[in-house]
Amino acid sequence: MSPVSHGTSESRGEDRRLLRFEPHLPHAYETIWPALTTPDGLRGWLAEADVLERHLGGAVTLRGPGGGPALSGQITAWDVERVVEYTLSGLGRIRFHLEPVGTDSTVIRFSHEYTPDRPGSAGGRAADADHLAGWHRSFELLESALEGHPASPPARTDQRLAVLRASYTPPAAAA
């Protein structure tokens, strides 16, 4: 399994944040697309899809691992085997843009735009650390699922997530 590069975060106005990842996976986009856009594929690394109408404007409801809360919304971008974007209440907008690299490798240009629960102090960086760590771990789980090892709920809350969160947490300012 190849390491996932750290994601980045930036401010989008006073109350919005934008996270980005660009994982490069040793799989053809035809293999990755179903993992991002089908109930079986999403279950292996991200969430249960209670509802997933696979077309632009379609309804979507994703439930976190282990019976987490349901997040409902719609598909706000759909370009078959290239782009899917889910806009979910309580989560924001998540977008996966697949770019093939040769015939057996793909870069996912991923973005997550959201409004932090507690905007302001540190410009949303504390919320970013949680989200960045969670997405980082999710992309590790995606790669594992693509290798034939889908995740189970404990894999999403393991020590790896704590290590990742620490790696994204900015150091405290000196007093």
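The largest pocket of this predicted model holds about 680 Å³ of space. A pocket here is an open set of points on a 1 Å grid over the protein atoms alone, where a 1.4 Å probe fits, with protein on both sides within 12 Å along at least five of seven lines. Its volume is the space filled by probe spheres set on the points, which are joined across faces, edges and corners. Lining residues have an atom within 4 Å of a point. There are 25 of them in the largest pocket, and Leu46, Gly64, Pro65, Leu91 and Ser138 are the closest to its centre.

Which element gives the most to the lining of the largest pocket? Helix H3 does, with seven residues. Strand S5 (59-63), helix H3 (125-146) and helix H4 (159-168) each supply at least two. By class, the lining has 13 nonpolar, seven polar and five charged residues. Nonpolar covers Ala, Val, Leu, Ile, Met, Phe, Trp, Tyr, Cys and Pro; charged covers Asp, Glu, Lys and Arg; the others, Gly among them, are polar.

**Basis of the values**

Residues are numbered from 1 along each chain as its sequence is written. Local features need pLDDT of at least 70, side-chain atom pairs count only at pLDDT 80 or more, and totals for chains, interfaces and linings use all residues, while side-chain values use heavy atoms, with hydrogens and water left out.

**Overall layout**

The chain has four helices and nine strands. These are DSSP runs, numbered from the N terminus: helices are H or I with at least four residues, strands E with at least two. From the N terminus on, the order is β-β-β-α-α-β-β-β-β-β-β-α-α. Of the 175 residues, 43% count as buried, meaning under 20% relative accessible area with a 1.4 Å probe, protein chains only. Contact means heavy atoms within 4.5 Å. Among contacts with a separation of 6 or more, 49% come from residues 24 or more positions apart.

**Strands S7, S8 and S9**

Two strands pair if DSSP finds at least two bridges between them. S7 and S8 pair in the antiparallel sense. S8 and S9 also run antiparallel. Each pair forms a hairpin, tabulated here.

| Hairpin | Residues | Bridges | Residues between | Turn glycine, phi |
|---|---|---|---|---|
| S7 and S8 | 83-88 and 92-100 | six | three | glycine 90, about 85° |
| S8 and S9 | 92-100 and 106-114 | eight | five | glycine 102, about 70° |

Both phi values are positive. Histidine 97 of S8 is the bridge partner of valine 83. In S9, the bridge partner of histidine 97 is arginine 109.

**Two residues of S9**

Phenylalanine 110 is found in S9. Is it buried or exposed? Phenylalanine 110 counts as buried because its relative accessibility is 2%. Phenylalanine 110 touches Leu19, Arg20, Phe21, Ile94, Arg95, Phe96, Trp135 and Phe139, leaving aside residues up to four places away in sequence. Phenylalanine 21 is 89 residues from phenylalanine 110 in sequence, yet 5.1 Å away in space, C-alpha to C-alpha.

Glutamate 113 also sits in S9. With 17% relative accessibility, glutamate 113 is therefore buried. A polar contact of 2.5 Å joins its side chain to that of arginine 93. Such a contact is a pair of N or O atoms within 3.5 Å; within protein, one must be able to donate a hydrogen and the other to accept it, and residues adjacent in sequence count only if both atoms are side-chain atoms. Beyond four places in sequence, glutamate 113 touches Arg12, Arg16, Arg17, Leu18, Leu91, Gly92 and Arg93. Glutamate 10 is 103 residues away in sequence and 9.6 Å away in space, C-alpha to C-alpha.

**Threonine 61 in S5**

Threonine 61 lies in strand S5. Its relative accessible area is 12%, so threonine 61 is buried. Its side chain makes a polar contact of 2.9 Å with the side chain of serine 72. Threonine 61 touches Glu48, Ala49, Asp50, Val51, Ala70, Leu71 and Ser72, not counting residues up to four places away in sequence.

Key:
Buried means under 20% relative accessible area, exposed over 50%, partly exposed in between (1.4 Å probe, protein chains only).
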